[in-house]
Amino acid sequence: MVAVPGVSTREEMLALVRAAIRGAEAPPVPRAYRLEGALAPDERVARFCERVGEYRAEVLRADGGVDRAIGGALARRGARTVVVPAGLPPHWRPGGVELLEDRGFSAHELDRVDGVVTGCTVGIAETGTIVLTAAPHEGRCALTLVPDVHVCVVEERQIVELVPEALAVLAPLVRAERRPLTFVSGPSATSDIELSRVEGVHGPRDLVVVVAA
């Protein structure tokens, strides 16, 4: 490109762009993205469970009670001390373990507990993703990032089919309440250049999702 006296570099660049696209084909028609799901409620829940399981997370249906499902999952992992957010419902709190209600534990203190139990705000069936927004029954972000085991309760009514449907739920919480968002798709995992998978590097090594009616 040769500089032209009296013409700015910006104007030169725009002129070149206009010349390059002159006579080009019309721009493509915008894609019609799916904004609403079409699955029946039971199909939506089944797909969510399937997709979450594909991420190496354990999926449990709480047919015999949420607390029993959680207690069983913790017992199988040998978890004895579990931190919970202050707003976790009483009927979700399992027996047989020491429950530590969060009082602003430091990262070092959280690292010494065996696991954490929380709820969530929304589950996405298409991607097998759980979204937390630091609600009272979910707690602050650190709770779900430091302990090695995360047991998360997802109610069937919270499960949507598509990402746009989840964003419609989350948008008011972010705009009006400035809540942080944590998207969880399976246990924490990363891979090196040789694609060797390592779990638990930047979050829980073990994720259990309890689906409640």
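Ala-134 sits in the loop that runs between β6 and α5 (141-145). Helices (H or I, at least four residues) and strands (E, at least two) are DSSP runs, numbered from the N terminus. This is a predicted model: local features need pLDDT of at least 70, side-chain atom pairs count only at pLDDT 80 or more, and totals for chains, interfaces and linings use all residues. Residues are numbered from 1 along each chain as its sequence is written, and side-chain values use heavy atoms, with hydrogens and water left out.

Most residues other than glycine have a negative phi. Ala-134 has a positive phi, near 60°. Its relative accessibility is 35%, so Ala-134 counts as partly exposed (buried is under 20% relative accessible area, exposed over 50%, partly exposed in between; 1.4 Å probe, protein chains only). Arg-178 also has a positive phi, near 55°. Arg-178 belongs to the loop between α6 (163-177) and β9 (182-184). With a relative accessible area of 69%, Arg-178 is exposed.

## Salt bridges across the chain

Side chains of opposite charge can pair when their charged atoms come close. The model holds 14 salt bridges (a side-chain nitrogen of Lys or Arg within 4 Å of a carboxyl oxygen of Asp or Glu).

One of them joins Asp-206 and Arg-77, at 2.5 Å from N to O. Asp-206 is in strand β12 (residues 206-212) and Arg-77 in the loop between α3 (66-76) and β2 (81-84), so this pair ties together parts 129 residues apart in sequence. Arg-77 is partly exposed, at 26% relative accessible area.

Glu-156 and Arg-61 form another salt bridge, 3.0 Å from N to O. This pair also links distant parts of the chain, 95 residues apart: Glu-156 is in the loop between β7 (149-155) and β8 (159-160), Arg-61 in strand β1 (residues 58-61). Glu-156 is partly exposed at 27% relative accessibility. Arg-61 is partly exposed at 41%.

## A salt-bridge network

Glu-126 and Arg-34 meet in a salt bridge of 3.9 Å, N to O. Their positions are 92 residues apart: Glu-126 in the loop between β5 (122-124) and β6 (129-132), Arg-34 in the loop between α1 (9-21) and α2 (41-54). Glu-126 is partly exposed, with 25% relative accessibility. Arg-34 is partly exposed too, at 49%.

Both residues belong to a network of salt bridges. Arg-47, Arg-51, Glu-54 and Glu-161 are linked in that network as well.
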